[in-house]
Amino acid sequence: MLSRRVFAGAAALAVAALVLAGCGDSGDDSDTPGAGSSSGAAGSDYSKLTGELKASGASFPNAFYQKSLDEFEKVAPDLAITYNSTGSGTGKKEFGAGLTDFAGSDSLVKDGDGPKAGEFLYIPTVAAPITVSYNLPGVADLKLSGEVLVKIFQRDIKTWDDAAIKADNPTATLPAKPIVVAHRSDGSGTTNNFTKYLAKVGGAAWKLGAGDTVAWPADTQGGDKNTGVAQIIKQSEGAIGYVDLSDATASNLVFASIKNKDGKFVKASLAGATAALAGATVKDDLTYDPLDAAGAETYPITAPTYILAKTKYDAAKGKNVKGFLKWLLTDGQKLAEGVNFAKLPDTLQTKALAQVEKIQAA
């Protein structure tokens, strides 16, 4: 079932906007709310936004986007925004076909995905861990190295009492139970980031490649969106799969500690994700890769997520898109932790706001 929210018609409330050093307005305050506005001015500016925006895409950040839309409705009651959690693959296709005004994606755009090079911008929003969740009664603190994950997910290891899993868990009592591998059945940025991680740590040993979709072995099980994978894990004793922290927490899943680049076993957490972000190199287009980052406290399967916005809109659409994105990158960041996402580091937040200013509205 698609996660969908449409908001319009509530009373406007003023909110305090964050003042970001070095990232002021472009001088068009009358058209677009500015990040550096005062409390009253910011609320008044957002309340002037009117119309409708449609978006679809990644399920990975859906909890953050839905919470953000709940709050944004209070300051922009006459701007109706719909975000459909369809998965990154579908989101990119719909955006490229002109069916939506912006898209959510956890993966980068490739030729054939939909959007055309030069006609869109990456706007980083938040990041989060991808958990390795499992259903194994009696094993409360499973530890897994990247090399073992590679073997599990391409079905080289098929039972929980395998010697390689025992080596990571010398004190655990592991049952001779078949492993049920759960994965995404739809085109997914979560799959893209998870398989990129496996390719990084596995090298030539990982044979399935990386992307929004991969050819999983026939004896694995596919679920639609992160919630579908979570459901398979919850219902299948012996199952293991990859699910974003927000959905894993909402589904009360148990997740493993993963061995990071420094040799430490770290459980998925916002602190671990924040540590991964601190070590990531940001490219000129604002894409970045925090997977398998160095650091003793780093959670190694940390994924970014982006809004894909057009470089050019008509005046009304551009005003609305820029207004929402500026709010999302300032006041919206305060909501991230509450729904299990890591907010952007200050330097990346500043760059993302500058990226929004590049959007042309005429």
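These legends go with a few close-up views of a predicted model. Residues are numbered from 1 along each chain as its sequence is written, and side-chain values use heavy atoms, with hydrogens and water left out. Local features need pLDDT of at least 70 and side-chain atom pairs count only at pLDDT 80 or more, while totals for chains, interfaces and linings use all residues.

**View 1. K234 and the residues it touches.** K234 sits in helix α7, residues 225–235 (helices are DSSP runs of H or I, at least four residues; strands are runs of E, at least two; both are numbered from the N terminus). Leaving aside residues up to four places away in sequence, K234 touches N135, S251 and L253 (contact means heavy atoms within 4.5 Å). N135 is 99 residues away along the chain, yet its C-alpha atom is 6.5 Å from that of K234. The K234 side chain also reaches the backbone oxygen of S251 at 3.1 Å. K234 is partly exposed, at 46% relative accessible area (buried is under 20%, exposed over 50%, partly exposed in between, with a 1.4 Å probe and protein chains only).

**View 2. The Y122 and Y306 ring pair.** Rings of Phe, Tyr and Trp (its six-membered ring) pair if their centres lie within 6.5 Å; planes under 30 degrees apart are stacked, over 60 edge-to-face, the rest tilted. Here the centres are 5.4 Å apart and the planes at 65 degrees, so Y122 and Y306 are edge-to-face. Y122 is in strand β4 and Y306 in strand β12, so the pair ties together parts 184 residues apart in sequence. Y122 is buried at 8% relative accessibility, and Y306 is buried at 1%.

**View 3. An aromatic cluster.** Ring pairs link Y46, F72, F102, F324 and W327.

Technical notes. A polar contact is a pair of N or O atoms within 3.5 Å; within protein, one must be able to donate a hydrogen and the other to accept it, and residues adjacent in sequence count only if both atoms are side-chain atoms.
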